[in-house]
Amino acid sequence: MEEKCSCDCKSAPPDRRGFLKRFSAGLLGALAVLGPIGASLAVLLDPLRRKVETSGTLVQVTTLTSLPEDGIPRKFPIVSSRVDAWNRSPAVPIGAIYLRRQKGKPIQALNVVCPHAGCFVDYAAGKNNFLCPCHNSTFALDGTINDPNSPSPRGLDELTVEVRNENEIWVKFQNYRAGVTGKVPA
Amino acid sequence: MKKADAFLSWIDSRTGYKKLLNEALYENVPGGARWRYVWGSTLTFTFFVQIITGIILWMAYSPNSHGAWESVFYIQNQMWGGWLLRGIHHFTGQAMTILLVLHLLQVVIDGAYKAPREVNYWFGIVLLVCVLGLSLTGYLLPWDQKGYWASKVATNIIAVVPFIGPALQKVFIGGNDYGHLTLTRFFAIHAGVLPGLMIVFTALHIYLFRKHGLHAKAPKRRPDVKFWPDQVLMDAVACLAVMTVVLFFVLKPRLFGTGMPGADLGPPANPTEAYSAARPEWYFMFLFQFLKAGWLVKVFGHYGELVGAIIIPGIAMAILAGMPIIGRWKLGHRFNLGFLAAMFAGAGLLTYLSYAEDRGKPEFAASVKQAEHESERLRHLAVAKGIPPEGAVALMKRDALLEGPKLFVKNCASCHRYGGEDGMGSKLTDAQTAPDLKGFASREWLAAFLDPKQIATSNFYGGTRFAATKMVKFVQKNVPAYTPEQHQQLKQVIAAVSAEAALPAQRVLDSADAALIATGRNVITNEAMNCTECHQFRKEDENAIAPDLTGFGSREWLIAIIADAKHPRFYGRRNDRMPSFAEQNILTREQIGLLADWLRGDFEIKIAER
C-alpha cells in the first residue's frame with residue numbers, strides 16, 4: 001500500500017491488508033450501530049410482550065328488574081377499569097353486549113362484535129335477527145349463523161352470565177379473535 | 001455467482017447505482033487518510049442514530065400536557081430497552097453538539113472555509129443552528145419540571161425582540177401559556193421541521209464537499225488514497241468511539257451505583273410549583289450565566305436582556321457566518337482563530353462560573369434532591385398503580401408522602417415544626433409556637449411530652465396558652481415526685497396511649513407489648529394516674545375538658561382534630577390559635593387525610609381504585 005494508489009484501486013487484486021481494512025471498517029461500523037439499532041428494535045417489538053387477558057372481566061351490566069322477559073335483545077355498554085399503556089382509567093367503556101331474557105330460560109349474553117371482521121352487529125327488529133352492517137353476516141337471536149352465505153366463520157360469541165344478589169346481572173366480558181372458527185381470546 | 005452478477009447488472013442498468021457507489025466510496029483523499037477528517041462522518045453517523053432512535057421514540061411518545069411526561073415515563077420504565085433507547089437519543093444529541101464544535105474548529109483551523117468552499121461553510125452554519133434548535137425543542141418534550149421551567153425562560157427571551165417579540169413568542173408556544181399546543185408545536189419542530197431541514201442541508205453539504213473535494217491539510221504527508229476503505233476505517237473507529245462514550249454516559253448511573261441508567265426524567269411539569277433548580281442543557285449554560293451578568297442591566301438598562309440574549313449572541317453568530325469573508329483579509333484568518341478561541345474560552349468560563357454558583361447554593365442542592373425524591377416515589381406509584389387519565393401530577397397530589405410535607409409547610413409550619421424543620425428539610429427563623437409533630441403519638445414523642453423538663457419547651461406546649469394550664473403543671477409537679485412504681489405505670493400509660501394511634505412504625509412493637517398495653521389501659525381507666533380526670537378514654541365522659549385519648553393519634557383522630565380543633569372532643573373553647581381547617585374551608589377532607597397519613601408515617605399507596 002506504500003506505492004502510489006492513484007491507479008484504479010477497485011480493479012487491483014485485494015491484498016491481505018486491504019481485506020483486513022475493509023473487514024475492520026465494516027465490523028467497527030456495525031458495532032457502532034449495534035446499540036441504537038438494538039434498543040430501537042426492542043422498543044419496536046415491545047407490544048409482543050403484552051399478554052392477552054384471557055380470564056375475562058366480570059362486570060355488573062344491569063338488573064333483572066330493568067330487563068324485560070320478552071326475548072328481545074338489548075344492547076348494554078360494558079364499563080370497566082382499563083389499562084391503556086401508561087394510563088389506568090377507573091371506569092371507561094370497553095365494549096358492548098346484547099342481553100336477552102326469555103321466560104323460564106337462562107339469560108343470554110352475546111358480544112356485539114361480529115366474529116368475521118370485528119364490526120358491531122345491529123339488531124334488526126323487523127327481521128328478528130342480527131345483521132352485520134359491514135359484510136352482511138346475519139345471525140339468529142341465539143347468536144348462531146342463520147344464513148349459509150354469511151362470511152362470518154362462527155356465530156356471535158356467547159359470554160357467561162351470573163345473577164348475583166337475586167337481581168344483579170353480571171357478565172364475564174371477553175373479546176375473541178376475529179376471522180377464525182374457534183373462540184380464541186383476544 | 002454468475003446469476004448474482006447478472007442480477008446486479010440488471011439493477012445497475014436500471015438505476016446506475018454502481019456509478020453512485022463508486023463516487024461515494026472512491027472519493028480521493030489527498031495526502032492520505034487522517035484522523036482530523038473524521039468529524040464530518042461522525043456527525044453524519046450521529047444524525048443517522050438520532051433519526052432511527054427518534055422515529056422509534058416517536059412511536060411511543062404522546063405530545064400533550066397530560067400524556068407527554070406519562071408516555072416518556074412509560075418508555076423509560078415499562079418498555080423493553082426503553083431506557084436505553086431514550087438514553088442513546090439524549091446523549092447522542094449532546095454528542096452532536098460537541099462534534100459540531102470540533103468539526104467547526106477543524107474547518108476553521110485548517111482554513112477549509114475559504115474560497116471556493118464559503119457556501120458549504122454556510123450550509124454547515126445552518127446545520128449548527130438546526131442542531132441547537134433540536135436540542136432546545138427536545139429539552140421540553142419530556143414535560144418534566146426541569147424542561148418545563150428551563151424552556152419557559154428560553155421562550156420568554158423571545159418576547160424581548162423589539163416590536164414583534166410578544167407575537168413571535170405567542171406563535172412559537174402556540175398560545176398565551178404553555179399547554180397542549182406548546183408540545184405539539186415543539187414536537188413538530190423537533191421531529192419534522194428541523195430534521196427535514198437537516199436532511200436537505202446535509203445532502204447539500206455533502207454534495208458541495210464532494211464537488212470541491214476534501215480540503216487537505218498541508219503538508220501532505222502521504223500519497224493519496226481512496227475514501228474506502230482507508231478513511232472509512234478511521235471514520236468507523238471514530239463513530240464507534242462516539243457511541244462508546246454515549247453508552248458510557250447512558251450506563252454511568254448504573255456503573256457508579258447512583259441511580260437508574262439512561263437519561264434523567266424529573267418530576268412532571270407542574271405550573272403551580274416552580275422548580276428553582278431548572279437549568280438549560282449544559283451547553284446553553286453559558287448563555288444562562290451571561291444573562292445573569294449585572295453589567296448588562298447597568299449599561300443597557302431595561303434593554304439589558306435584549307442585548308444579552310439577542311444582540312450579542314446575534315453579533316457572534318454574524319461574525320461566525322462572516323468568517324469566509326473576513327478570511328480574505330490579510331490578518332482575517334488569524335482574527336477568525338482568535339475570535340473562536342475567545343468565544344470558546346468565554347463560554348467555557350461562563351459555564352464554569354454557572355456551575356460553581358449553583359454548587360455554592362444549598363437551595364439548589366435541596367431543590368435537586370427534592371426532585372429526585374419525587375421522581376423516585378412517583379416511579380413506584382406509577383408502576384404500582386398506573387397513572388390516572390388526568391396525568392401524573394394528579395397522582396402525586398394524592399400521595400401522602402409527596403403531598404403531606406407540602407401541605408405541612410403551607411398550613412402548619414408557621415406554628416408547628418417537624419423535627420425542628422418545616423417538613424421539607426428547611427430550618428425556619430420565626431419562633432415556634434406549637435408542638436413539634438415529628439413522631440407524633442409515638443412512645444418517644446409521648447415520653448418527651450410527659451417529661452417535666454420538656455413539656456414547657458417550645459417543642460411542646462411552651463409556645464402555646466397551654467403552658468400555664470393544668471397539663472403542664474401536672475407534669476411538672478407530679479412526675480418528678482413519682483415512685484419507681486409510678487414511673488412504671490407512666491410507661492404503661494404511654495404504651496397504651498401510643499397504641500391507640502396504631503402507627504405503622506410501631507406495629508411490631510405494639511403487638512409484642514400487648515400485655516403492657518392492656519395494663520396501661522387499665523391504669524388509665526382506673527384513674528391511678530389521674531388521666532381521666534380531664535381526658536376521656538374509651539368511654540363517653542361529658543365532663544372531659546381535655547383532648548380525647550380514645551384513638552389518640554389514629555388517622556380518624558388526626559383528621560378530626562385538624563378539621564376542627566375547637567370541637568369539644570379536643571380543645572373546645574380552650575383552643576389556642578389552631579384553625580379549624582375543614583370548617584373554615586382551608587383544606588379539603590382529602591388534603592387533611594394526606595396530612596394525617598404523612599404525620600403518622602403511613603405511606604401505603606392509597607389511591608382510590610376503580
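I began at strand E6 of chain A: there Leu131(A) is the bridge partner of Asp122(A). Helices (H or I, at least four residues) and strands (E, at least two) are DSSP runs, numbered from the N terminus. The model is predicted: local features need pLDDT of at least 70, side-chain atom pairs count only at pLDDT 80 or more, and totals for chains, interfaces and linings use all residues. Residues are numbered from 1 along each chain as its sequence is written, and chains are lettered from A and ligands numbered from 1 in the order in which they are written.

**Sheet, chain A.** I followed E6 (residues 129-131) to E5(A); they pair in the antiparallel sense over 3 bridges. Strands pair if DSSP finds at least two bridges between them. The open sheet has 3 strands in the order E5-E6-E7, with antiparallel pairing. E5 (122-124) and E7 (138-139) of chain A are at the edges with a single partner strand each, so one side of each has no neighbour in the sheet.

**Chain A against chain B.** I looked up the contacts (C-beta atoms, placed from the backbone, within 7 Å). On chain A 32 residues are in contact with 38 residues of chain B. Helix H1 (16-44), strand E2 (74-84) and strand E3 (87-100) of chain A each give two or more residues to this side. H1(A) gives the most, 16 residues.

**Cores.** I took a nonpolar core as buried Ala, Val, Leu, Ile, Met, Phe, Trp, Tyr and Cys residues joined through C-beta atoms within 7 Å. Buried means 20 or more other C-beta atoms within 10 Å, exposed 12 or fewer, partly exposed in between, with C-beta atoms placed from the backbone. The largest core has 139 residues, and Ala392(B) and Leu595(B) touch the most other members. Helix H10 (residues 227-255) of chain B supplies its largest share, 14 residues. A second, separate core has 19 residues, including Cys114(A) and Phe130(A). Back in chain B, Leu595(B) touches Gly404(B), Leu407(B), Phe408(B) and Ile562(B), leaving out residues up to four places away in sequence.

**Backbone, chain B.** Most residues other than glycine have a negative phi, and most peptide bonds are trans. I noted the exceptions here. Ala115(B) and Pro116(B) are joined by a cis peptide bond, omega about 5°. Pro116(B) is in the loop between helix H5 (82-109) and helix H6 (118-140) of chain B. Trp228(B) to Pro229(B) is also cis, with omega near 0°; Pro229(B) is in helix H10 of chain B. Trp143(B) has a positive phi near 55° and is buried, with 30 other C-beta atoms within 10 Å. Asn530(B) has a positive phi of about 70° but counts as exposed, with 11 C-beta neighbours inside 10 Å.

Technical notes:
Two residues are in contact if their C-beta atoms, placed from the backbone, lie within 7 Å.
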